[in-house]
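Let us go through this model by asking what stands behind each label. Each reply sets a value against its cut-off.

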Amino acid sequence: PFSSPPWLTASMPTNRRIHTVTSLAASGTSRRAIAREVNEGRLIPLRPGAWANAGETTARQHQLDLVTAASFLAPTSALSHVTASAVHALPLPSKGLDHLWVTNPRPGGGHRRRLMTTIGRMLPPEHVVVIDGRRTTTLERTVIDMATEFGFETGLMTADAGLRLGADPQVLADVLETCGRPRGLGHARQVVAFADGRIESPGESLIRAKWHCAGVPQPVPQFVIRNSTGQFLGRGDFAWPDERVLAEYDGRTKYGSLLKPGQSVQDVIIAEKKREAGIVDAGWTVLRFTVKDLATTDGSAQRILRALDRAGRAAGPQAG
């Protein structure tokens with residue numbers, strides 16, 4: 001096992017106070033009052049007899065609260081899957097967020113019960129790291145586990161972020177060969193082959209996974225666009241350079257993340273429009289997509305395929 005990696009230490013949220021039956025009783029809170037607080041959403045169950053204050057709890061903080069409350073785990077268990085993703089500051093899926101995820105060292109088995117999912121699987125020593133005193137699957141093993149458990153789209157979202165955080169592509173390939181044969185291994189192989197650390201957000205990962213499944217040719221991420229004299233015009237989220245087609249994914253925080261001191265969001269939007277106009281003037285087709293397109297990806301994929309087809313026909317052999 002290894003100690004906590006330096007890139008993770010600064011990103012770990014502060015552990016919050018966990019309430020137990022004993023601590024609440026000591027403060028004069030009755031079991032009936034506890035039940036009322038839970039029913040009204042002011043206390044969040046973590047395990048039988050343990051709760052956290054609701055507050056403004058993110059999915060990641062809730063997973064870390066579950067970890068804090070998990071004093072009962074065997075010393076050979078390892079935090080894994082969704083919980084390991086939270087510990088490693090990876091993006092989280094839409095499922096399984098209310099459970100603590102743990103892998104126990106046994107060949108097969110496991111169960112899903114209220115607030116906890118356990119997986120029976122042997123973990124090679126090199127697949128485990130110790131973070132804040134907790135045995136946790138490594139960054140690379142967590143990527144593989146998420147792909148086998150949740151499929152290609154969620155797996156790719158995890159893998160892109162993992163590479164961006166420093167996961168080693170060779171170690172990912174090695175984990176594939178030494179993780180046994182869990183269900184979903186084919187998805188994991190696809191994910192490792194397709195993952196790209198240049199992808200900048202979970203939304204970009206998800207939409208490109210959906211495009212891939214819809215038959216869209218693989219784009220070049222973070223493509224630099226220049227005019228005929230070599231002047232820098234911009235950087236595009238996804239590009240098909242041969243067809244001069246560019247796709248931009250505008251996530252919920254896109255424009256806020258581009259703000260410079262003294263700028264407003266409106267300033268950024270105006271600058272973005274000028275940038276896009278320069279790219280279009282240079283002969284590129286620019287397609288924009290938002291978080292809404294994640295729910296209707298067939299439509300966005302068809303827009304890209306039509307743009308690529310038009311560009312291909314326009315570049316066809318000329319008469320003469």
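Q: What joins strand 6 to strand 7?
A: Four bridges join strand 6 (residues 110-113) to strand 7 (residues 116-120), and the two run antiparallel. Pairing needs at least two bridges, so four are enough for strand 6 and strand 7 to count as paired. Arg113 stands opposite Met116 in strand 7. This is a predicted model.

Q: What makes the phi of Leu115 worth a remark?
A: Most residues other than glycine have a negative phi. Leu115 has a positive phi of about 75° although it is not a glycine. Leu115 sits in the loop between strand 6 and strand 7. That hairpin has two residues between the strands.

Q: Where is Asp132, and what is its phi?
A: Asp132 is in the loop between strand 8 (128-131) and strand 9 (134-137). Its phi is near 50°, a positive value in a residue other than glycine.

Q: How do you know that the span of helix 10 agrees with its number of residues?
A: Helix 10 (residues 202-213) has twelve residues. At 1.5 Å a residue, they should span 16 Å. The end C-alpha atoms are 17 Å apart, which agrees. Among the buried residues of helix 10 are Ile207 and Trp211. Gly215 follows the helix, with a positive phi near 90°.

Q: What makes strand 10 and strand 13 edge strands?
A: Four strands form an open sheet in the order 10-11-12-13, with mixed pairing. Strand 10 (220-226) and strand 13 (285-290) each have a single partner strand, so one side of each is left without a neighbour in the sheet. Neighbouring strands of this sheet are turned by 45° against each other on average, direction ignored.

Q: How do you know that strand 12 and strand 13 pair?
A: Strand 12 (residues 245-250) and strand 13 share six bridges, in the parallel sense. At least two are needed, so the two strands pair. Val245 stands opposite Thr285 in strand 13.

Q: Which strands do helix 10 and helix 13 lie across?
A: Helix 10 lies across strand 10, strand 11 (232-240), strand 12 and strand 13, running at about 50° to strand 11. Helix 13 (residues 297-314) lies across strand 11, strand 12 and strand 13, running at about 175° to strand 13.

Q: What is the average pLDDT of the protein chain?
A: The average is 87, and 88% of the residues score at least 70. Over residues 1-14 the pLDDT is below 50. Beyond near neighbours in sequence, this stretch has 30 contacts in the model.

How values were computed. Residues are numbered from 1 along each chain as its sequence is written. This is a predicted model: local features need pLDDT of at least 70, side-chain atom pairs count only at pLDDT 80 or more; totals for chains, interfaces and linings use all residues. Side-chain values use heavy atoms; hydrogens and water are left out. pLDDT is the predictor's confidence in each residue, from 0 to 100. Contact means heavy atoms within 4.5 Å. The expected span of a helix is 1.5 Å times one less than its number of residues. Buried means under 20% relative accessible area, exposed over 50%, partly exposed in between (1.4 Å probe, protein chains only). Axes are lines fitted to C-alpha atoms, for helices over the stretch in contact, and angles run from 0 to 180 degrees between N-to-C directions.
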